[in-house]
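Keep the viewer open as you read.

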Amino acid sequence: MTELWNPSSAGVMRLPSGRLVRGRGLRRPLPADDPAPTFGVYLLGKPPPQVPWEKHWLQWPDFRLPADRAEARAVLTEVWWRSRTERVEVACHGGRGRTGTALACLAVFDGVPPGEAVGYVRAHYDRHAVETPWQRRYVRRFTRA
C-alpha cells in the first residue's frame with residue numbers, strides 16, 4: 001500500500017471519512033520534505049507542466065468553471081476513490097479558486113452537505129478557497145449522485 005499524505009503537511013485536507021487530499025498552487029514549489037503524489041489532477045486553462053507521476057488535465061480556466069462538467073464529475077469521482085489508498089493532489093495555478101472548488105466537490109462526495117462544503121474547505125484547507133460566486137453556486141448544486 002502507498003504511504004498516504006502526512007495530515008500536517010501544507011495543503012493536505014482531511015475529508016470527514018479520513019481520506020487525505022492535497023490541494024496546491026502550482027506557482028509554489030513542491031514541499032521539499034513531502035513525498036510526490038501518485039496521481040495529480042491539474043485544473044488549468046492550458047496543459048499542465050510535465051510531472052513524473054500519473055496526471056490528468058481538467059480544462060478549467062482561471063476564475064471560471066470546468067469546461068466539461070461531466071468530465072469534471074468523472075475526474076473528481078476518480079480522485080475521491082483513489083484518495084483512499086493513494087497520494088492524490090489537486091492543483092491549479094494559485095491553489096484557491098479552482099482547487100478549492102474541486103476540494104469542496106470532494107467534500108460533497110464524502111458526505112458534507114453541498115451548502116456547507118465551501119465552509120468546510122475554508123475551515124480545513126484555505127480560508128480564501130472558492131473565490132467566485134459562480135464557483136460557490138457550482139458547489140451548492142453539486143450532488144453525490
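## Strand pairing around β2

Arg24 has Ala91 in β5 as its bridge partner. This is a predicted model, by the way. β2 and β5 run parallel and are joined by four bridges.

Val12 sits opposite Arg22 of β2.

## How covered is β2?

Strand β2 spans residues 20-25, and six of its six residues are buried. Side chains in a regular strand alternate between the two faces of the sheet. Here both faces are covered, with Leu20, Arg22 and Arg24 buried on one side and Val21, Gly23 and Gly25 buried on the other.

## The nonpolar core

Which residues touch the most other members of the largest nonpolar core? Out of its 36 residues, they are Leu43, Val79 and Leu106. Elements giving two or more residues to this core include β3 (39-44), α1 (69-82) and β5 (88-92), while α2 gives the most, with eight residues.

Looking past its neighbours within four places in sequence, Leu43 contacts Leu58, Trp60, Val90, Ala91, Cys92, Arg98, Thr99 and Ala102.

## α3 against α4

Helices α3 (residues 114-124) and α4 (residues 133-140) pack at about 125°, axes 7 Å apart, so α3 is oblique to α4. From α3, the contact uses Pro114, Gly115, Ala117, Val118 and Arg122; from α4, Arg136, Val139 and Arg140. By class, that contact has four nonpolar, one polar and three charged residues.

Terms used
Residues are numbered from 1 along each chain as its sequence is written. This is a predicted model: local features need pLDDT of at least 70, side-chain atom pairs count only at pLDDT 80 or more; totals for chains, interfaces and linings use all residues. Side-chain values use heavy atoms; hydrogens and water are left out. Axes are lines fitted to C-alpha atoms, for helices over the stretch in contact, and angles run from 0 to 180 degrees between N-to-C directions. Angles under 35 degrees count as roughly parallel, over 145 as roughly antiparallel, 65 to 115 as roughly perpendicular and the rest as oblique. Contact means heavy atoms within 4.5 Å. Ala, Val, Leu, Ile, Met, Phe, Trp, Tyr, Cys and Pro count as nonpolar, Asp, Glu, Lys and Arg as charged, and the others, Gly among them, as polar. A nonpolar core is a set of buried Ala, Val, Leu, Ile, Met, Phe, Trp, Tyr and Cys residues joined through side-chain atoms within 4.5 Å. Buried means under 20% relative accessible area, exposed over 50%, partly exposed in between (1.4 Å probe, protein chains only). Two strands pair if DSSP finds at least two bridges between them.
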